[in-house]
Amino acid sequence: MKIKEVADKLKITQRAIRFYEDKGLIAPSKQDDNQYRIFDEEDIWRLQTIVALRESGMSINDIKTALSDIKANGSSPLRYLLELQRSVMFSKWIEMKQIIETTDQMIETLKNDHELPLDDIYTLAEGSRRLREQREWEDKWGFDQLASVHDQLVQEDSRKYKNYDEALEHIVKLVSSIAGEKGLDIGTGTGNLAGRLSAKGVMMAGVDQSREMLLACQRKFPEMETKLGNFLALPYLDGKFDFVVSSFALHHLTSYQIPLALQEMQRVLKPHGRICIADLMMNENQISSNENDEDYIHLSKLIALFESNGYITKQMRINEMLYVVLAVPIR
DNA sequence: CTTCTCACA
DNA sequence: TGTGAGGA
């Protein structure tokens, strides 16, 4: 196939095709005599995925790594690609939701005051700046690399993962799941928490932002469903789960993102769905005295957030820093 | 019809 | 992240 045919078929310009070649996304062979590009099935497939991913807002560079990952993996590239695409689209969607919200706020303010106070303009600008930052958190911690050693780490790292197993057991106890329920584990990692619930007869789904972690998880718990995603972009439709759990993951969010995460959890939960979270948190006494590199969750703020959203909470302290919080909606 | 490069947003 | 022009 020559370039015009391909361009017509995929509804893109010939220029764009050459541009993608220039960026190293495709490498069609050239005809010997006249140097014309010839596109085979493989090239067309790659181009198709490029335009699809481009449409969902993925950068050229990200597409490049995604494509090479697919090639290296081989196992089920199509499914991986579709999930990747969906998770990107969900991220976009969440972003749009936030933009709509801030816009609504502006409209409200204008309606009441007939002008935007300087403070508001500042916070709005701050908000959209944070909005952009969110996108950069994808592999900030290099969990893809950590996947293979993760399970030893949680047993050995006595500082960060102290009482790891106890915390997971407490979650299992607190959610008191019923066989046949559907549960979601956010930041599931290699599935240590979800696996325990799965053993109780719950249909567990696990979300993580690291593909390597999910692969390890699937090896350990083949019955589990795993998807790429994160707290702010859960790859599920509304009202799918009876409960959401999470362990040692929420602290990766900034305090600004936590309310957004709650909204997102509520979205995928059924009307009376409950939430149970274990993580390192700080109580009042520790807040000023502890200045660590990790942005710790403030226990009181988290409780207040749940309560202002109509939840009754129950908390358990496992050790100095580790808490398990259960939130059940009122009525 | 294709190639490439230069400039431009 | 692409596009348009223009020569070969």
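Leaving aside its neighbours within four places in sequence, which residues is S247 in contact with? The last view below gives the reply. The structure is a predicted model, in which local features need pLDDT of at least 70, side-chain atom pairs count only at pLDDT 80 or more, and totals for chains, interfaces and linings use all residues. Residues are numbered from 1 along each chain as its sequence is written, chains are lettered from A and ligands numbered from 1 in the order in which they are written, and side-chain values use heavy atoms, with hydrogens and water left out.

**View 1. Residues around DNA strand C.**
Helix α2 (residues 14-22) supplies the largest share, four residues (helices are DSSP runs of H or I, at least four residues, and strands runs of E, at least two, numbered from the N terminus). Among the atoms of DNA strand C within 4 Å of the protein, 58% are from sugar or phosphate and the rest from bases.

**View 2. Polar side-chain atoms at DNA strand C.**
R54 places a polar side-chain atom 3.1 Å from a phosphate oxygen of DNA strand C. For R15, a side-chain N or O atom is 2.4 Å from a base oxygen.

**View 3. Helices α1 and α2.**
The axes of α1 (residues 3-10) and α2 come within 9 Å and cross at roughly 105° (axes are lines fitted to C-alpha atoms, for helices over the stretch in contact, with angles from 0 to 180 degrees between N-to-C directions). The two helices are therefore roughly perpendicular (65 to 115 degrees). I3, K4, V6 and A7 of α1 meet Q14, I17 and R18 of α2.

**View 4. The surroundings of S247.**
S247 belongs to strand β6 (residues 241-247). Its relative accessible area is 8%, so S247 is buried (under 20%, with a 1.4 Å probe and protein chains only). Apart from neighbours within four places in sequence, S247 is in contact with L168, I171, D185, I186, G187, L193 and A278 (contact: heavy atoms within 4.5 Å).

Technical notes:
A residue is near a molecule or strand if one of its heavy atoms lies within 4 Å of it. A polar contact is a pair of N or O atoms within 3.5 Å; within protein, one must be able to donate a hydrogen and the other to accept it, and residues adjacent in sequence count only if both atoms are side-chain atoms. Angles under 35 degrees count as roughly parallel, over 145 as roughly antiparallel, 65 to 115 as roughly perpendicular and the rest as oblique. Buried means under 20% relative accessible area, exposed over 50%, partly exposed in between (1.4 Å probe, protein chains only).
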